[in-house]
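Here is a short note for a first look at this model. Please keep the viewer open while reading.

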Amino acid sequence: MTKQRILLIGGGGHCKSVIDVIEQGNYFDIGGIIDVPEKVGEYVLGYKIIGTDDLLDSLKNDFDAFHMTMGMIGISEKRSDLFNLLIGKGFNFPIIISPSAYISKHAFIGEGTVVMHHSVVNAGAHIGKNCIINTKALIEHDAVVGDHCHVATGAIINGGVVVGSESFIGSGAVSKQYSTVPFQSFIKANSIIK
């Protein structure tokens, strides 16, 4: 099977984690990274930063797939705005799933979302577009995670919870079942969501 050539957008710490997931899954060939001008020519885990956002339109036909690898701590309008702009131009953003994650066949995951190592997405869960489901996060049955959310390491979204789009759920946060997290919420690490 021929691997898709993928371009990563963002070269920080989250990029390293996504590279590891991609390498473990062995579905994509990483062809380069996009970042800020001062980092062009540098390498992230052996992959070269080849340019800035300004080059994306000209690179569209050189790659089969793209992925947002800029992280999200709190609200990240740049991450969501750039994703929406590129989707509108027909860029392909596949779902990336670690081989160590468990995804129920009865769950839904939107385009451009990454599910990291040892995460669980259970039956009836619905995860939106361009989300980060980070290492060891749990998305329980019938939970809904809106677009452009980051569920951080070890966070627990219990059954029936609704997380509004563009929200950040901090590491180790735990939600009460069937609770609601409003749009653009910032939930601190180790919080209890009632």
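1. Start with Tyr-178. It sits in the loop between β19 and β20. Strands here are DSSP runs of E with at least two residues, and helices are runs of H or I with at least four, numbered from the N terminus. The model is predicted, so local features need pLDDT of at least 70, side-chain atom pairs count only at pLDDT 80 or more, and totals for chains, interfaces and linings use all residues. Residues are numbered from 1 along each chain as its sequence is written, and side-chain values use heavy atoms, with hydrogens and water left out.

2. Check the backbone of Tyr-178. Its phi is positive, about 60 degrees, although Tyr-178 is not a glycine. Most residues other than glycine have a negative phi. Tyr-178 has a relative accessible area of 56%, so it is exposed (exposed is over 50%, buried under 20%, partly exposed in between; 1.4 Å probe, protein chains only).

3. Look next at Ser-179. The loop between β19 (174-175) and β20 (180-181) holds this residue. Is Ser-179 buried or exposed? Ser-179 is buried, because its relative accessibility is 6%.

4. What does Ser-179 touch? Leaving out residues up to four places away in sequence, its contacts (heavy atoms within 4.5 Å) are Gly-160, Val-161, Val-162, Ile-193 and Lys-194.

5. Finish with Lys-136. It lies in the loop between β12 (132-133) and β13 (138-139). Lys-136 is not a glycine, yet has a positive phi of about 65 degrees. Lys-136 counts as exposed because its relative accessibility is 56%.
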